[in-house]
Amino acid sequence: MLRLRTISGPDAGRVHELPPEEPQILGRSTEALPCTDRAVSRRHAELTPRDGLWLVRDLASKGGTFVNGARIHGHQALRAGDRVRVGETVLLVERADGTLGAPPTTEQLAAMGEAVATVSHSIKNMLQGLRSGADAVELALSRHDLEMAQKGWPIVARNLDRVMQVTLNMLAFAKDRPLDPEPMLLDSVVDEACALAEAALRRRGGSLERTRAEGLVELPIDLVAVHQTLLNLLMNAVDAAPEKAPRVAVSTHWIHPCPRWPSGAVATIVRDDGPGVPEAMRERLFQPFATSKGQRGTGLGLVVARKLALLHGGAVEHAGNGDAWPAHPVLVGQVRTADAGGALPGAAFVLVLPAASAQDADETRAPKPIPGGDLGVRFGA
């Protein structure tokens with residue numbers, strides 16, 4: 001459990017507990033945590049518990065919300081030791097016992113060692129694949145044999161893709177990067193990610209089916225983060241599909257209205273024609289380093305995809321195998337019937353990103369400058 005301690009501003013010394021599963025508002029309204037700072041908007045920022053994390057997002061306040069000195073856009077995960085500034089007030093995030101965290105236990109150190117070993121082994125296998133492909137290409141070049149080089153290059157390209165993806169996932173998993181959202185149509189980002197996945201499918205004689213929705217609205221998204229999320233879901237589908245002639249289907253849908261996202265959202269569904277997610281793995285899909293790919297997987301792709309979706313206020317979920325759709329409100333009605341990939345027998349995963357909703361921040365004066373600078377969702381929930 002976390003709490004907020006006010007360490008600077010008119011209410012210095014005040015402590016706010018953050019009860020689990022109870023969203024909180026930072027501001028001067030009657031529904032917000034008590035605050036007398038006139039530089040804070042009436043509804044300045046929102047704190048939301050989700051999948052074991054506390055997320056903070058600015059509610060279109062006049063002064064903005066800052067975490068560790070950086071202005072946030074969209075959702076930002078909070079950890080013990082972080083400093084949140086709203087107006088002239090600085091709040092320290094700490095554990096319920098007043099500490100900023102304890103040293104790792106023996107069990108935690110052992111788990112970290114196992115995680116490092118898992119990732120290292122996976123990278124070693126990728127590098128061995130690179131070495132094998134590079135040797136084949138080098139031999140072909142020495143013989144001026146273009147046909148042999150063409151056979152060796154797909155091995156190099158495939159393992160380069162894997163090294164790049166696991167590196168980006170490790171960075172995203174280990175470190176929170178503030179989002180930099182811009183309004184844009186999601187379909188263009190989906191198309192870019194699909195192009196990379198399609199290249200991997202073609203190398204195995206496979207194909208990708210892409211279906212676009214009509215009338216999609218622009219969403220406030222961080223291009224890099226959403227591209228990585230989509231690519232993780234797509235490459236997960238590519239890996240799950242059969243080795244020969246694999247098939248992947250991708251479709252986008254506008255969802256409105258929806259209980260979880262009243263302003264509407266865009267759902268992107270990724271399906272494959274593999275065997276589906278084994279029942280034994282379904283409860284562990286979004287646990288770090290849990291994988292059914294053996295030495296080929298790191299168990300970070302889905303974890304990072306969900307984390308980045310949560311920071312956008314959205315969600316990533318396993319939508320079932322074949323026609324077995326879970327009873328989530330977002331996955332019924334027009335989405336279920338319009339899903340072009342519904343005929344594929346493998347796993348389906350869905351990414352949902354919400355549309356923006358404006359908030360008013362009335363009767364707020366601008367904060368004074370501070371000298372020296374600034375100090376894991378269920379559908380329909």
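R43 is partly exposed, at 23% relative accessible area. Its salt-bridge partner is E31. E31 is exposed, because its relative accessible area is 52% and the cut-off for exposed is over 50%. The model is predicted. In it, the side chains of R43 and E31 meet with N and O 2.7 Å apart. Both residues sit in the loop between β3 (24–26) and β4 (45–50). They are 12 residues apart, and the pair links distant parts of the chain.

The structure holds 12 salt bridges.

Now go to the start of the chain. The side chains of E17 and R3 form a salt bridge, at 3.8 Å from N to O. E17 belongs to strand β2 (residues 15–18) and R3 to strand β1 (residues 2–8), so the bridge ties together parts that are 14 residues apart in sequence. R3 counts as buried, because its relative accessibility is 12% and buried means under 20%.

Next, find helix α3 (residues 186–202), which holds D187. D187 forms a salt bridge with R210. The closest N and O atoms are 2.6 Å apart. R210 lies in strand β12 (residues 207–211).

Finally, return to R3 and E17. Salt bridges that share partners join R3, R5, E17 and E94 into one network.

Note on methods. Residues numbered from 1 in each chain as written. Predicted model: local features only at pLDDT ≥ 70, side-chain atom pairs only at ≥ 80, totals over all residues. Heavy atoms only, no water. Salt bridge = Lys/Arg side-chain N within 4 Å of Asp/Glu carboxyl O. Helix = DSSP H or I, 4+ residues; strand = E, 2+ residues; numbered from the N terminus. Buried < 20%, exposed > 50% of the residue type's maximum accessible area, 1.4 Å probe, protein only.
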